[in-house]
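Open the model in your viewer and keep the sequence panel beside it. The stops below say what to select and what is there.

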Amino acid sequence: LQSGQGLVRVFPAVPQTPAWARLQFHRLRAEGGLLVSGAWDHGAVFVRVQVSENVEAAPATNISMTVAGWDAPPVAHPSHIAVHRSQSPGVFVIERLAVGQWVVLSQESLPCDRLRLQPQRG
């Protein structure tokens with residue numbers, strides 16, 4: 001996980017060798033008051049993003065996810081949270097994700113350097 005300058009990158013540089021075919025991490029803190037968990041299994045990606053209870057931001061947070069080539073929409077919890085596909089390919093916007101709420105991203109195949117989250121307070 002790499003976090004800084006308003007951008008969170010998940011699995012930013014996974015070597016393409018058998019020794020790195022399966023990876024996972026749990027509840028790492030990231031920019032924007034996020035807790036991020038992730039699993040990488042032979043190119044299949046699963047990521048859970050939660051707004052931390054220790055966030056110093058306003059009670060609601062907008063999270064814009066910009067992912068080149070991301071096809072599957074994020075799944076939000078609770079399910080009434082608005083998830084929109086942007087006009088730009090591979091970009092989803094999740095609106096007003098509050099403290100304790102989370103979204104899940106999963107995809108069968110994704111180059112390791114593509115998943116980027118951009119938290120925006122509001």
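Which side chain does Ser52 join through a polar contact of 2.8 Å? Select Ser52 and Arg29: their side chains make that contact. A polar contact is a pair of N or O atoms within 3.5 Å; within protein, one must be able to donate a hydrogen and the other to accept it, and residues adjacent in sequence count only if both atoms are side-chain atoms.

Before going on, note that this is a predicted model, in which local features need pLDDT of at least 70, side-chain atom pairs count only at pLDDT 80 or more, and totals for chains, interfaces and linings use all residues. Residues are numbered from 1 along each chain as its sequence is written, and side-chain values use heavy atoms, with hydrogens and water left out.

**Around Ser52**

Ser52 sits in the loop between β5 and β6 (60-67). Strands (E, at least two residues) are DSSP runs, numbered from the N terminus. With a relative accessible area of 3%, Ser52 is buried; buried means under 20% relative accessible area, exposed over 50%, and partly exposed in between (1.4 Å probe, protein chains only). Leaving aside residues up to four places away in sequence, Ser52 touches Arg29, Gly33, Leu34, Leu35 and Val99, where contact means heavy atoms within 4.5 Å.

**The core**

Next select Val10, Leu34, Val36, Val47, Leu115 and Leu117, which touch the most other members of the largest nonpolar core, a set of 21 residues. β3 (22-30), β4 (34-41), β5 (44-51), β9 (91-98), β10 (102-107) and β11 (115-121) each give two or more residues to this core. β5 gives the most, with four residues. Such a core is a set of buried Ala, Val, Leu, Ile, Met, Phe, Trp, Tyr and Cys residues joined through side-chain atoms within 4.5 Å.

**The salt bridge**

Select Asp41 and Arg22, whose side chains meet in a salt bridge (3.3 Å, N to O). Asp41 in strand β4 and Arg22 in strand β3 are 19 residues apart. The structure holds one salt bridge, meaning a side-chain nitrogen of Lys or Arg within 4 Å of a carboxyl oxygen of Asp or Glu. Asp41 is partly exposed at 32%, and Arg22 is exposed at 60%.

**Backbone angles**

Most residues other than glycine have a negative phi. Select His42, in the loop between β4 and β5: its phi is positive, about 55°. Arg27, in strand β3, has a positive phi of about 50°.
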